[in-house]
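These are my notebook entries on a single protein chain. I set down what I looked up, topic by topic.

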Amino acid sequence: MGALRLEVHRDGVHLVGFDDFAVPPAVPLEPHHDWFLTAYQRGNRSTRLRTWTQGNAVRPLVHGRPYFAALADEVDLMRAGDAVLLAGWRVDPDEFVRDDGTTIAQLLAEAAQRGVTVKGLVWRSQMDRMRFSRRQNRRFAEFVNAAGGEVLLDQRVRPFGSHHQKFVVLRHAGRPEEDVVFLGGIDVAHSRRDDIAHRGDPQRMPYARWYGGKRAWHDVQIEVRGPAVRDVEDVFRERWGDPAALSRRPWHLVPHLLDLPERRPSPLPEAQPDPPAPGTCSVQLLRTYPNRWGGYPFAPHGERSIARGYAKALRRAQRLVYIEDQYLWSTSVARVFAEALLREPRLHLVVVVPRFPDQETEVTLPVALLAHTQALDVVKEAGGDRVLVLDLESPAGNPVYVHSKVCVVDDVWATVGSDNFNRRSWTHDSELTAAVVDEERDPREPLDPAGTGDGARVFARSLRLELWREHLDLADDTGLLDPDDAVATLRRSVTALDAWYAGGRPGPRPPGRLRTHVMVAPTRWQRRIASPAYRAFVDPDGRPPRMKVRGHH
């Protein structure tokens with residue numbers, strides 16, 4: 001496909017850059033898939049990951065409360081000789097995983113005391129005054145390690161970067177049919193334990209005043225059983241075996257260089273073979289790793305398969321792309337969606353984002369406004385009224401913080417993971433996302449909504465419908481199956497709710513939880529102040545220099 005011909009300017013600034021998301025052609029004779037990247041297209045020959053696996057069972061877990069309960073139930077069943085491998089951005093040790101008061105730290109400590117191998121990699125965060133997770137992650141590691149586990153604080157990232165992967169692998173010695181992975185956008189942390197009623201998590205963390213004291217939180221995780229479990233385990237094993245110092249801070253390098261035992265991770269248990277194949281889903285793991293000084297052994301120049309995976313899938317989009325995302329604020333990422341909208345005149349893009357940014361300081365707010373409005377300008381210029389940008393509120397009318405990272409294309413290809421739709425997630429931080437194509441076709445009409453012969457697949461369609469039923473307060477899927485009908489149903493609900501508010505809220509509140517997203521554009525002086533900080537710190541570029549120069553990913 002040729003270069004994007006869209007020209008978008010605001011205040012004299014050219015918003016559409018020259019970044020190229022072209023996916024290289026597959027190498028002859030290597031396994032091909034219409035939706036998944038081939039091994040060559042991944043762009044990383046150093047990883048042990050397989051290209052994709054088949055026969056997996058994948059189940060969505062919408063919201064933190066169901067996810068935490070499922071995780072706790074599975075860990076409770078583990079015995080001596082089993083293994084728990086956890087990777088996270090933030091873990092609050094006192095976060096409840098069940099109504100009985102069990103915390104995540106207690107859950108894993110008790111497992112370690114039963115003889116379960118408990119290993120963890122959580123981000124060694126920035127300073128506490130930045131409101132990240134340094135103190136909480138350290139306390140979690142200390143508690144679990146005192147019980148016999150081994151949780152490492154991992155800062156093997158680029159400057160101003162983070163380990164943002166969020167997954168848990170549970171392996172069972174001699175019982176591979178019980179092996180399971182939980183993967184997605186949910187950390188076991190404060191504010192995440194919400195459910196469909198969106199009354200919020202009683203254990204809250206400070207956020208912008210717009211969301212109130214007990215903030216409602218929308219998020220998605222998936223449960224995976226089958227051969228893909230071993231691939232997620234390999235993601236953990238690759239990171240665990242990285243010989244670089246756990247901390248990049250100069251004063252922490254001395255113990256590492258002295259090769260002190262306490263600075264070396266202990267060996268992991270011997271890798272087990274694939275679990276049996278219990279389902280019909282093919283799963284491809286997509287990742288981001290930056291071009292880090294010294295290099296990752298498993299990604300010497302980084303990996304950008306998330307960016308490439310979206311680029312390949314969106315070139316196949318025909319009728320409907322649905323995304324939920326915490327951030328949609330990079331013009332380079334928005335370009336990928338804009339290209340699809342320009343190419344296919346029937347394509348609709350529906351985006352659900354938070355109503356307000358997560359912070360409101362004089363520094364962070366202009367940066368968020370700048371990035372978000374620029375990205376929306378790009379997709380709206382390309383798609384016009386075929387682009388719906390919405391935000392979410394609870395049945396009580398309070399704004400819901402959308403933290404999920406979900407994409408569904410034509411009810412065939414679906415992703416759930418840790419990456420946001422911004423340059424940071426696609427080039428700079430460590431991320432892990434599962435792309436799923438169910439081999440089982442959905443029997444409901446329309447059988448082939450995109451008209452490409454791909455049909456509609458059970459997992460992708462079921463995920464979209466579950467989310468839309470919740471957001472529209474619907475009991476069934478009437479009006480949601482055909483893409484055009486689905487968008488029309490969505491518009492009617494949004495229009496009715498917007499009109500109810502505009503009219504002073506007369507009579508009963510219309511059903512539905514989605515509102516038109518209105519983003520206040522930053523002033524000219526805010527743009528000038530925010531732009532350098534945005535590009536340097538908030539949404540940095542982690543590609544190798546040669547790729548930056550060429551605009552390649």
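**Entry 1. Overall contacts and content**

I began with contacts between residues at least 6 apart in sequence, and I find that 77% of them join residues at least 24 apart. The model I am reading is predicted. I looked up its secondary structure and noted 14 helices and 20 strands. Of the 553 residues in the protein, 62% are buried.

**Entry 2. Strand β11**

How many residues of β11 are buried? I checked residues 281–289, and nine of the nine are buried. I then sorted the strand by side. Cys281, Val283, Leu285, Arg287 and Tyr289 point one way, while Ser282, Gln284, Leu286 and Thr288 point the other way.

Which strands join β11 by bridges?

- Strand β19 (residues 431–438) is joined to β11 by eight bridges and runs antiparallel to β11; here I find Leu286 opposite Thr433.
- Strand β3 (residues 53–62) is antiparallel to β11, with two bridges between them; Asn56 stands opposite Cys281.
- Strand β12 (residues 303–304) also has two bridges to β11 and is antiparallel to β11; Thr288 stands opposite Arg304.

**Entry 3. Helix α2**

I turned next to α2 (residues 64–76), a helix of 13 residues. From first C-alpha to last I read a reach of 18 Å, close to the 18 Å expected at 1.5 Å a residue. The residues I list as buried in α2 are Gly64, Tyr67, Phe68, Ala70, Leu71, Ala72, Glu74 and Val75. An α-helix has 3.6 residues a turn, so residues three or four places apart point the same way.

What do the buried residues of α2 pack against? I noted β3, which is also a partner of β11, together with α3 (104–113), β7 (167–171), β8 (180–184) and β10 (220–225).

**Entry 4. Helix α11**

I count α11 as mostly covered, since 11 of its 15 residues are buried. Charged side chains occur in that buried set, including Arg461, Arg464 and Glu470; Phe459, Trp468 and His471 are also among the buried residues. Asp473 follows α11, and I read a positive phi for Asp473, near 55 degrees.

**Entry 5. The second largest pocket**

I looked up the space in the second largest pocket and found about 540 Å³. Two or more lining residues come from each of α1 (39–42), β12, α7 (305–314) and α14 (545–550). The lining has 24 residues, and Tyr40, Arg42, Gly43, Asn44 and Arg45 lie nearest the centre. By class, I recorded six nonpolar, 10 polar and eight charged residues in this lining.

**Entry 6. Cavities**

Rolling a probe the size of a water molecule over the atoms shows where empty space is left. My search of the whole structure gave four cavities of 30 Å³ or more. The largest cavity holds about 130 Å³ of space. Which residues lie nearest its centre? I noted Gln326, Tyr327, Pro354, Pro357 and His372, out of 13 lining residues. This lining divides into nine nonpolar, three polar and one charged.

How values were computed:
Residues are numbered from 1 along each chain as its sequence is written. This is a predicted model: local features need pLDDT of at least 70, side-chain atom pairs count only at pLDDT 80 or more; totals for chains, interfaces and linings use all residues. Side-chain values use heavy atoms; hydrogens and water are left out. Buried means under 20% relative accessible area, exposed over 50%, partly exposed in between (1.4 Å probe, protein chains only). Helices (H or I, at least four residues) and strands (E, at least two) are DSSP runs, numbered from the N terminus. Two strands pair if DSSP finds at least two bridges between them. On a 1 Å grid over the protein atoms alone, a cavity is a set of points where a 1.4 Å probe fits but cannot get out, and a pocket is an open set with protein on both sides within 12 Å along at least five of seven lines; lining residues have an atom within 4 Å of a point. Grid points are joined across faces, edges and corners, and a volume is the space filled by probe spheres set on the points. The expected span of a helix is 1.5 Å times one less than its number of residues. Contact means heavy atoms within 4.5 Å.
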